[in-house]
Each structure stands twice: as structure tokens, then as C-alpha cells.
Amino acid sequence: MEEAKASKIKNVRPETLEFIIMYNQVRGKAFNGNAELAEILGFNSPSSITEIIKSRQNIDPEKFRTFKEYFKEYLGGEKPAVVEKKAEAKVFEGIPMYEVTATASGVEVYNDLNDAAPVGYMNFPGIEECDFALPVWGHSMYPYLENGCWVALKIIHDKKILPGEVYYIEWGDYRMYKRLLIGDSDDEVIAHSDNTTEMIGSRLKYAPFVIKKSEIKKLCLVKDIHKKHNH
């Protein structure tokens, strides 16, 4: 039960609750499954619908408006003929890019991504399965992640960690990019920084530290890196 609660988002928005109620009303009548609904609403994957229904993420207001319009006749009105075109296959426009201060040094206060609006979309081959993109600020993960580059991220909902991979994590009041290693106990991981050259006196500036797995609020695997060009 505790693990299930931890997977819920902090603030379920009113339109998300309304969507969940309407979804259960028309499922099996207006559409056969999440794959069909995802295509109608323009989601990249049926799993996006599942995450909303399980209250793990909020629905985009525009997609909720599309849902209400498209299934109007099942919800107490007529379905406009114009909206029929929404059911056509939608070209992948890219993953949303959020201009939030995601620091590699781990000193920034945590902000909820649900409160941020996309500043654009990242679209190139190989990132279709990713969920969103964030910039990197700081130097703790250099040379793997350079200050100012953009990172394509895939949300790991089951919180399973592949030791040695680089992740974007949100825990406590912080967010950061770290290479996660196996801890001394099953409920711990070691947050390691690739930059092991910068020192403060005789100590590493970016020393490794231990994080409890249960304290990780969001876990995202770094799937691709778009480094800025030097001119």
C-alpha cells in the first residue's frame, strides 16, 4: 500500500479527476481500449492514458477538451463532425521541453514539472519513447553531461534502477542528474558524480552520497543528450 501511495502525484487537478470519471463512463462504449483512445487524443503511447487513470500524472487541459468534444454524444451531447478528424493518425511532434533549472550539482529547490509549460518540443530519431526533455545546469556530471545541454528523459514508473546508468532524480527538496550505483543495503543507492577532478581543499567538490530509494519522487532514465554547439 505504501508503494502504491508513493506512485501517486501530489496534486491531482480537477480536470484529471473529471477525466477519470468520464473515462470509466464511456470505456467499452465509445472506445475499445487505451490504444484507440491514445490515438484519438494524440498521445504517443497507451501507457500515457494508464498513468492518468492511476493518478500518476495530470491530463493536459487541451487533450481533456478534445476528449469531451469527441465523446460528447456519450457524455450527453452530440459529437461535432469537425472533431472526427482528430481520430486520424497524428504525426509525432516531439517530446515537450521544460525550461526549469535542473542542476547537476543538486543545489536547486524542487519544483513540480506539472506547474511548468513547455517552451518547445524536441524531435529527432530515437527519442519517441521518451517523455520530456530538461536542460542541464552545473558541472558535476561533466564530461557526460555538459552545462547547457538538453537531455531526453524516460520516466521509470516502477522505480527499478539499472546500476551504473545516469538518471534525472527528484528526491527530498532537490532535483539532479546522477549516476546511480548499488548501495550497501537494498533500500539505498549511491548518487555518483562523473566529475571527480574538481576539489575543495583535499575533498571532492562533488562527492558521492547515499539516497534512500523510498525518498525518490521521480526517476527518469537519461536516454539521449543534445549538446549545445560551440561557435
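1. Arg13 is partly exposed, at a relative accessible area of 25%. Partly exposed lies between buried (under 20% relative accessible area) and exposed (over 50%), with a 1.4 Å probe and protein chains only. Arg13 sits in the loop between α1 (2–6) and α2. From Arg13 to Ser55 there are 42 residues in sequence, and 9.5 Å in space, C-alpha to C-alpha.

2. A word on the basis. This is a predicted model, in which local features need pLDDT of at least 70 and side-chain atom pairs count only at pLDDT 80 or more, while totals for chains, interfaces and linings use all residues. Residues are numbered from 1 along each chain as its sequence is written, and side-chain values use heavy atoms, with hydrogens and water left out.

3. The chain as a whole has five helices and 11 strands. These are DSSP runs numbered from the N terminus: helices are H or I of at least four residues, strands E of at least two. The chain has 231 residues, and 40% of them count as buried. Its accessible surface is about 13,200 Å², and carbon and sulfur atoms hold 50% of that. Such areas come from the Shrake-Rupley method with a 1.4 Å probe.

4. Contacts next (heavy atoms within 4.5 Å). Take those between residues at least 6 apart in sequence: 65% join residues at least 24 apart.

5. Now α2 (residues 14–26) and α5 (residues 61–70). Their axes come within 11 Å and cross at roughly 30°. That makes α2 roughly parallel to α5. Roughly parallel means an angle under 35 degrees. Axes are lines fitted to C-alpha atoms over the stretch in contact, with angles from 0 to 180 degrees between N-to-C directions. The crossing is left-handed: the near helix is turned anticlockwise from the far one by less than a right angle.

6. Who makes this contact? On α2, Glu15, Glu18, Phe19, Met22, Tyr23 and Val26; on α5, Pro61, Phe64, Phe67 and Lys68. By class, the α2–α5 contact has seven nonpolar, no polar and three charged residues. Ala, Val, Leu, Ile, Met, Phe, Trp, Tyr, Cys and Pro count as nonpolar, Asp, Glu, Lys and Arg as charged, the others, Gly among them, as polar.

7. Helix α3 (residues 34–41) also meets α5. The two axes come within 10 Å and cross at roughly 110°. The helices are therefore roughly perpendicular, a term for 65 to 115 degrees. Leu37, Ile40 and Leu41 of α3 touch Lys63, Thr66, Phe67 and Tyr70 of α5. This contact counts five nonpolar, one polar and one charged residues.

Terms used: Angles under 35 degrees count as roughly parallel, over 145 as roughly antiparallel, 65 to 115 as roughly perpendicular and the rest as oblique.
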